[in-house]
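Subject: structure handover

Hello,

My notes on what turned up follow below.

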Amino acid sequence: MLKIATFGCFMLSRLSQNEWRELVLQWEDECARHGENFDEFAVASLPVLEELACSAPRRDAAVFGLSTGGLINVVCQANACFLPGYTGKVLRIRHIVLSPKFDFSDELELSDYEEALVGVFQGALGLAYGEMPSDHVKFHLKSPAERAFGAAFTEALKSVRHFSNVAIKGSWIYLSKA
């Protein structure tokens, strides 16, 4: 069995209701430092994530965060389910939201953004081999920049023997374990 460490050192952590509240305080502060209003930040995704994070815990779906230095830099929804056309479970990673500093700070480099996305991808693979066992992983990308990164990411993974299928279709990255 493939070890999580094979994919790097990034781990996604399931967020409890209290951890979600801490995230909101952190991100409100980040928005305020940049003269922005948190209530206007990521309005399409944060309410979906908040509802899931603050509801009764589920084994097959949760909000996960990627932290660096004690701060949550990325959150996303992960759910493992059976989907038509697949053998085995599919782990879907949706509503990937980077912290406000990625939207508003002039101090971050492209490499910071890349590291955050790589962390989500590596962390999701760790989930597929651990907490949310799944034969397939799908990542939903939200922007042309994320899709360009996803295309490079999938190209690099095509030579990795741990996957029988690696593709990008529309705004989705598809991975199937070998």
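Asp60 is partly exposed, at 31% relative accessibility. The scale is this: buried means under 20% relative accessible area, exposed means over 50%, and partly exposed lies in between, with a 1.4 Å probe and protein chains only. Asp60 meets Arg58 in a salt bridge, at 3.2 Å from N to O. Arg58 is partly exposed too, at 42%. A salt bridge here is a side-chain nitrogen of Lys or Arg within 4 Å of a carboxyl oxygen of Asp or Glu.

Ground rules, before the rest. This is a predicted model, in which local features need pLDDT of at least 70, side-chain atom pairs count only at pLDDT 80 or more, and totals for chains, interfaces and linings use all residues. Residues are numbered from 1 along each chain as its sequence is written, and side-chain values use heavy atoms, with hydrogens and water left out.

Salt bridges

There are four salt bridges in the structure. One of them joins Arg14 to Glu131, with the closest N and O atoms 2.7 Å apart. Arg14 sits in strand β1 (residues 13–14) and Glu131 in the loop between α4 (110–129) and β5 (136–140), so this pair ties together parts 117 residues apart in sequence. Helices (H or I, at least four residues) and strands (E, at least two) are DSSP runs, numbered from the N terminus. Both partners are partly exposed: Arg14 at 27%, Glu131 at 43%. Another bridge links Glu155 and Lys158, at 3.4 Å between the closest N and O atoms. Lys158 is partly exposed, at 49%.

The sheet

Seven strands make an open sheet with mixed pairing, in the order β1-β2-β3-β4-β5-β7-β6. β1 and β6 are at the edges with a single partner strand each, so one side of each has no neighbour in the sheet. Strands count as paired if DSSP finds at least two bridges between them. β6 and β7 run antiparallel, over six bridges. Phe163 stands opposite Lys177 of β7.

Two helices to look at here. α2 (residues 46–53) packs on the sheet and touches β2, β3 and β4, its direction making about 110° with that of β2. α4 also packs on the sheet, touching β2, β3, β4, β5, β6 and β7, and makes about 155° with the direction of β4. Contact means heavy atoms within 4.5 Å. Axes are lines fitted to C-alpha atoms, for helices over the stretch in contact, and angles run from 0 to 180 degrees between N-to-C directions.

The cores

The largest nonpolar core has 33 residues, and those with the most contacts inside it include Phe64, Leu91, Phe121 and Leu175. A nonpolar core is a set of buried Ala, Val, Leu, Ile, Met, Phe, Trp, Tyr and Cys residues joined through side-chain atoms within 4.5 Å. Elements giving two or more residues include β2 (61–68), β3 (71–82), β4 (89–98), α5 (144–157), β6 (163–169) and β7 (172–177). α4 gives the largest share, eight residues. Apart from this core lies another of 17 residues, with Leu52, Ala61, Ile72 and Val97 among them. Beyond four places in sequence, the contacts of Phe64 include Arg14, Glu131 and Met132.

Single residues to check

Lys138 is in strand β5. Beyond four places in sequence, Lys138 touches Tyr86, Leu91, Arg92 and Trp172, among others.

Lys89 is in strand β4. Lys89 is partly exposed, at 28%. Its contacts beyond four places in sequence include Pro133, Asp135 and His136.

Ser176, in strand β7, is buried at 9%. Leaving aside neighbours within four places, Ser176 contacts Asp135, His136 and Phe163, among others.

Two backbone angles. Phi of Ala42 is near 50°, positive in a residue other than glycine. Ala42 lies in the loop between α1 (17–33) and α2, partly exposed at 23%. Phi of His95 is near 50° as well, again positive and not in a glycine. His95 lies in strand β4 and is buried, at 14%.

Best wishes
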